Amino acid sequence: MLIRSITLGLTLAFLAGCSVMQSQQQSEPVDLDSRFAVIPLGNLSQTPQAGDQAASILSALLRARGAAEVELYLPADDNPLIYDNHGRQQEATEAAKESGADIIVSGTVDEWRYKSGLDGEPAVGITLVFRNADDNSVIWSGTGARTGWGREGVTVAGHKVLEELLDEMPVIETAR
């Protein structure tokens, strides 16, 4: 019995070490009745277009959680192999503000890859920032990272990190 308890404890400790989440509420909870604009996330990883992939998943997850209006802004990319997408982020932010967005969702993808080695486990790191479109003040921010299992896709690991981040975000439920 003692061996089973120790094995279970070590297994749980190992699994808990696979992901890390941290969030900070700056002011009021995020109102799901707001008009959200998800812009390309800054890509600090070595994977081209990782920021666009994460932004696409994020916009779908916001809709699934009951956000009233979510618009994904992904301006055309002249060269998708260039990692710096700051110009596209600015273009998307301006377009979102012009169309009446209440909250601009931005952030960075710090890691979006398969680790080298025998199993090639996926590794994902993402930071999200929800800002008031009027005054650019931070409403909520959070960061999360995770490594997956050998047969798990990097998109699945990214999806899980984004879900866990959104679980941490305080929200005002919609009146629908």
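Below are some questions about labels, with answers that go back to the definitions.

Q: What kind of model is this, and how are its residues numbered?
A: This is a predicted model, in which local features need pLDDT of at least 70 and side-chain atom pairs count only at pLDDT 80 or more, while totals for chains, interfaces and linings use all residues. Residues are numbered from 1 along each chain as its sequence is written, and side-chain values use heavy atoms, with hydrogens and water left out.

Q: How many helices and strands does the chain have?
A: There are four helices and nine strands. In order from the N terminus, the elements read α-β-β-β-β-α-β-α-β-β-β-α-β.

Q: Why is R146 called buried?
A: Buried means under 20% relative accessible area, exposed means over 50%, and partly exposed lies in between (1.4 Å probe, protein chains only). R146 has 12%, so it counts as buried. You can find R146 in strand β8, residues 138-147. Over the chain of 176 residues, buried ones make up 38%.

Q: What makes the pairing of R146 and E152 a polar contact?
A: The term needs a pair of N or O atoms within 3.5 Å; within protein, one must be able to donate a hydrogen and the other to accept it, and residues adjacent in sequence count only if both atoms are side-chain atoms. The side chains of R146 and E152 are joined by such a contact at 2.8 Å.

Q: Is V124 buried or exposed?
A: V124 has a relative accessible area of 0%, so it is buried. V124 sits in strand β7. Leaving aside neighbours within four places in sequence, V124 is in contact (heavy atoms within 4.5 Å) with residues including W112, R146 and V161.

Q: Why is helix α2 called oblique to helix α4?
A: Helix α2 (residues 50-64) and helix α4 (residues 154-168) pack at about 45°, with axes 10 Å apart. That angle makes α2 oblique to α4. Here, under 35 degrees is roughly parallel, over 145 roughly antiparallel, 65 to 115 roughly perpendicular, and the rest oblique. The axes are lines fitted to C-alpha atoms, for helices over the stretch in contact, and angles run from 0 to 180 degrees between N-to-C directions.

Q: Which residues of α2 and α4 meet?
A: On the α2 side they are A54, I57, L58, L61 and L62, and on the α4 side T155, H159, L162, E163 and L166.

Q: Why is Q89 called buried?
A: Its relative accessible area is 14%, so Q89 falls in the buried class. Q89 belongs to helix α3, residues 86-98. A polar atom of the Q89 side chain lies 3.0 Å from the backbone oxygen of P40.

Q: What is the phi of Q49, and what is that of N136?
A: Most residues other than glycine have a negative phi. Q49 is not a glycine, but has a positive phi of about 65°. N136, also a residue other than glycine, has a positive phi near 65°.

Q: Why is Q49 called partly exposed, and why N136?
A: Q49 has 37% relative accessibility, so it counts as partly exposed. N136 has a relative accessible area of 43%, so N136 is partly exposed. Q49 is in the loop between β4 (42-43) and α2, and N136 is in the loop between β7 (122-132) and β8.

How values were computed. Helices (H or I, at least four residues) and strands (E, at least two) are DSSP runs, numbered from the N terminus.
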